[in-house]
Amino acid sequence: MRSDRRARAPLGLKLAAAGGLMFLHLPILLIFVYAFTTEEKSYQWPPPDLTLRWFAVTWNRPDVWQALGLSVRVALVSTAMALVLGTLCAAAVSRSRFFGREAISLLIILPIALPGIITGISLRSAFSIAEIPFSTWTIVLGHATFCIVIVYNNAVARFRRTSGSLIEASMDLGADGFQTFRHVILPNIGTALLAGGMLAFALSFDEVIVTTFTAGQQQTLPIWMLEELVRPRQRPVTNVVAMVVVLVTLLPILAAFYLTRDGDHTAGAGK
Amino acid sequence: MTSAVTFQKVSRHYGAVRAVDEIDLEIAEGEFFAMLGPSGSGKTTSLRLIAGFEQPTAGHIEIFGQTAEGIPPYRRNVNTVFQDYALFPHLNVIDNVAYGLMVKGVSRPDRMKAAEEALALVQLPGYGGRRPGQLSGGQRQRVALARALINQPKVLLLDEPLGALDLKLREQMQEELKTLQKSLGITFVFVTHDQGEALSMADRVAVFNEGKIVQVGRPQDIYARPRSRFVADFVGSSNILPPDLVHRLTGEHRWGSLRPELVMLSARASEGTLPGRVVATNYMGAATRIAVDAEDLRLHTIAPAGMTVPSVGETVFLAFDHGHLHLMDDEP
């Protein structure tokens, strides 16, 4: 490590790194710039002129508010479901040994490994067989399949790093199951749950594929955006929404990153 | 004498594995009791049965006259010092120590005061603000002790509490634990695989092997009069003499145990000595341990510092008082 720090990177490597980062992030800046353009039918570069008009237009469009409301509701509910179920699964898999434990662990993770289109198609046919009409809840169910995985993965990693004797110590000192959960388990897995929950929220918020199969006629924000792109009028409205979404989702993800960063030690280990 | 812990034919089986097998045990109030045995002998499972982390498959456990089966750990007046200390990493030292009072609903000022006192008791006054991660192994050990003592348990269980400490610290903690136990008058039940620790600290020792207690008694009795070859060999080291040889020496056809420090080396043969050849000498500072091949056996003797140590290959004669030869049961 020491030699790495002293040696300076060659100029070529620096340029390549800068180029890579620009390739990743410049398109996002372009989205921002187009939010201010006066040209509404096509994305013309450079923008003929700049205006703040589209913010007012966006504010007054009910379809934007409807899609945003649906997306937030779906993301909140599926994250909440995932937090409860994912934590319980993680606790069961990491705390006890039972027949089929590995298989269950794999089955929980599978939905995120499966292509979303498979999950979507299978859910859609299952809903139609069971004659369940499309509603907010069908979207929530679709999103919960992968939100649970995110929470589960975060929680199971933290459970593994939390020494099992902590729970016994708490019980030994007079705490019942609920007190142990509140005073020992929750503080030790709390940041992992927060991080998992934020990631799950973000994933649910911008999910398109599973949603198209489980939403019916309803529009979540990403689906609204997709449909908006093919319309010729008021195009910069999409960009305004995109900009707000980027800003709003970036903050929790940064927070999640900082919260889980310094949790690398084993909780409760002797050394 | 009130009995603190009673086991009546207690078993704990895991499938076909008999971790604890029909154990009878009586621990008296105020006693410093050691459970000694190799790993997998059932001593830790027995401790966990007292703590309530395990439930017996069969048999009956009483703690101060009250039935313990089915009572969860948090409703037993018993506390544990864990092998890995199990300090809560998200709490500082004082909150760790006060945890037992916190879950009982004791007010913050009261429990902080009690926790300070407990820390002073284990000679860590003023360490309350630190995190467990900032403490050394020996300090964590003391915090774990203070945390377990704050609930004023009737029985304190210690699961190999000194295992992770270095030798010097271990010896110091052995003395401190013993002093603490005498001054508090609490029953201590101590699990260890270190026979020296068990002998030096405990009032009484139970020797475990393969899920059973093979002998219970005062350290002096167990050391001087081991019941079986296993106890003779596990508690201290011993020269185990087969029945045929013992028969020739004493007239009784039984297994014999002879402690190395009771065997003397003699340069010439006389009545009752065994001739042998020195195969190894092991210098240990205060004494030298000498291995001698005699009567088709590898026997050991201890030569205190100052004695002339024979060289390897030399022929010597082993002399001992036949009264020191302890006869044992036939079981292994």
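Mentor: Domain bounds here come from an automatic or database domain assignment. Residues are numbered from 1 along each chain as its sequence is written, while chains are lettered from A and ligands numbered from 1 in the order in which they are written. Keep in mind that this is a predicted model, where local features need pLDDT of at least 70 and side-chain atom pairs count only at pLDDT 80 or more, though totals for chains, interfaces and linings use all residues.

Let's take chain B. Its assignment gives domain 1 (3–233) and domain 2 (237–328), and their C-alpha centres lie 38 Å apart. Where they touch, 8 residues of domain 1 of chain B are in contact with 6 of domain 2 of chain B (contact means C-beta atoms, placed from the backbone, within 7 Å). On the domain 1 side, helix 8 (residues 229–234) of chain B gives the most, with 3 residues; helices (H or I, at least four residues) and strands (E, at least two) are DSSP runs, numbered from the N terminus. That side divides into 3 nonpolar, 1 polar and 4 charged residues. For that count, Ala, Val, Leu, Ile, Met, Phe, Trp, Tyr, Cys and Pro are nonpolar, Asp, Glu, Lys and Arg are charged, and the others, Gly among them, are polar.

Now for a sheet. Chain B has an open, antiparallel sheet of 4 strands in the order 2-1-4-5. Strand 2 (17–28) and strand 5 (66–67) of chain B are the edges, each pairing on one side only (strands pair if DSSP finds at least two bridges between them). Further in, strand 1 (residues 3–14) and strand 4 (residues 58–63) of chain B run antiparallel over 5 bridges, with Phe7(B) opposite Ile61(B) of strand 4. Helix 1 (residues 43–51) of chain B packs on this sheet, touching strands 1, 2 and 4 of chain B, and its direction makes about 65° with that of strand 2. Axes are lines fitted to C-alpha atoms, for helices over the stretch in contact, and angles run from 0 to 180 degrees between N-to-C directions.

Lastly, the partner chain. The contact takes 22 residues from chain B and 20 from chain A. Strand 6 (78–81) and helix 2 (93–104) of chain B each supply at least two residues of the chain B side; helix 2 of chain B gives the most, with 4. That side divides into 14 nonpolar, 5 polar and 3 charged residues.

Note on methods
Two residues are in contact if their C-beta atoms, placed from the backbone, lie within 7 Å.
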